[in-house]
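Colleague: Let us go through this model together. Show it first, then tell me: what percentage of the residues in the chain is buried?

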Amino acid sequence: MSTILALDASEWQGDLTRQHFAYAYALGVRLYICQLWGSGPTGLGPNDFAVRQLEDAVATGMFIAGYTWLPPAGTTDTRFVYEASLAA
């Protein structure tokens, strides 16, 4: 079994720079996992920094993955997220 170091970040981490990703890569991180939609400093919604974070991770040689975070059922209306996922 192999192990890969990964970095998971969201809008909460702010506007990460390419230097942040280069530093993580130098430490052995090879996978960046980006929260694409979910909780952030301004509430629920898209990660405003996702595109740049993903581009910078790829530029430093990392593999990338993304996820959406939905709050527990009944706490907010997330039907539009579900419907958008089905449409995609």
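Modeller: Buried means under 20% relative accessible area, exposed over 50%, and partly exposed in between (1.4 Å probe, protein chains only). This is a predicted model: local features need pLDDT of at least 70, side-chain atom pairs count only at pLDDT 80 or more, and totals for chains, interfaces and linings use all residues. Residues are numbered from 1 along each chain as its sequence is written, and side-chain values use heavy atoms, with hydrogens and water left out. Of the 88 residues in the chain, the buried share is 30%.

Colleague: In what order do the elements of the chain run from the N terminus?

Modeller: Helices (H or I, at least four residues) and strands (E, at least two) are DSSP runs, numbered from the N terminus. The chain has three helices and four strands. Their order is β-α-β-β-α-β-α.

Colleague: Which strand pairs with β2 in the parallel sense?

Modeller: Two strands pair if DSSP finds at least two bridges between them. Strand β2 covers residues 29–40 and runs antiparallel to β3 (residues 43–46), joined by four bridges. The parallel partner of β2, over five bridges, covers residues 5–9: β1.

Colleague: What is the handedness of the β-α-β unit?

Modeller: A crossover is right-handed if, with the strands pointing away from the viewer, the path from the first strand over the helix to the second runs clockwise. The unit is made of β1, helix α1 (residues 18–26) and β2, and its hand is right-handed.

Colleague: How far apart in space are Ala 6 and Leu 31, C-alpha to C-alpha?

Modeller: Ala 6 sits in strand β1 and stands opposite Leu 31 in β2. Ala 6 is partly exposed, at 43% relative accessible area. Contact means heavy atoms within 4.5 Å; beyond four places in sequence, Ala 6 has contacts with Val 29, Leu 31 and Ile 33. Ala 6 and Leu 31 are 25 residues apart in sequence, and in space their C-alpha atoms are separated by 4.6 Å.

Colleague: Is Gln 35 buried or exposed?

Modeller: Gln 35 belongs to strand β2. Leaving out residues up to four places away in sequence, Gln 35 touches Ala 9, Ser 10, Glu 11, Asn 47, Ala 50, Tyr 67 and Trp 69. Its relative accessible area is 6%, so Gln 35 is buried.

Colleague: What kind of aromatic pair do Phe 21 and Tyr 32 form?

Modeller: Rings of Phe, Tyr and Trp (its six-membered ring) pair if their centres lie within 6.5 Å; planes under 30 degrees apart count as stacked, over 60 as edge-to-face and the rest as tilted. The structure holds one aromatic pair. The ring centres of Phe 21 and Tyr 32 are 5.0 Å apart and their planes at 85°, so the pair is edge-to-face.

Colleague: Where in the chain is Tyr 32 of that pair?

Modeller: Phe 21 is buried, at 0% relative accessibility. Tyr 32 is also buried, with a relative accessible area of 0%. The pair links distant parts of the chain, eleven residues apart: Phe 21 lies in helix α1, and Tyr 32 in strand β2.

Colleague: Over the face of which residue does Arg 30 lie?

Modeller: A charge sits over a ring if NZ of Lys or CZ of Arg is within 6 Å of the ring centre and within 35 degrees of the ring normal. Arg 30 is at 3.6 Å from the ring centre of Tyr 25.

Colleague: What arc do the buried residues of α2 cover around the axis?

Modeller: In α2 (residues 50–59), the buried residues are Ala 50, Gln 53, Leu 54, Asp 56 and Ala 57. They lie on the same side of α2, because their arc around the axis, taken from the directions from the helix axis to the C-beta atoms, is only 165°.

Colleague: Which elements do those buried residues of α2 pack against?

Modeller: An α-helix has 3.6 residues a turn, so residues three or four places apart point the same way. The buried residues of α2 pack against α1, β2 and β4 (63–68).

Colleague: Which residues does Thr 60 touch, not counting residues up to four places away in sequence?

Modeller: Thr 60 lies in the loop between α2 and β4. Thr 60 counts as buried, at 15% relative accessibility. Apart from residues up to four places away in sequence, Thr 60 touches Arg 18, Phe 21, Ala 22 and Tyr 25.
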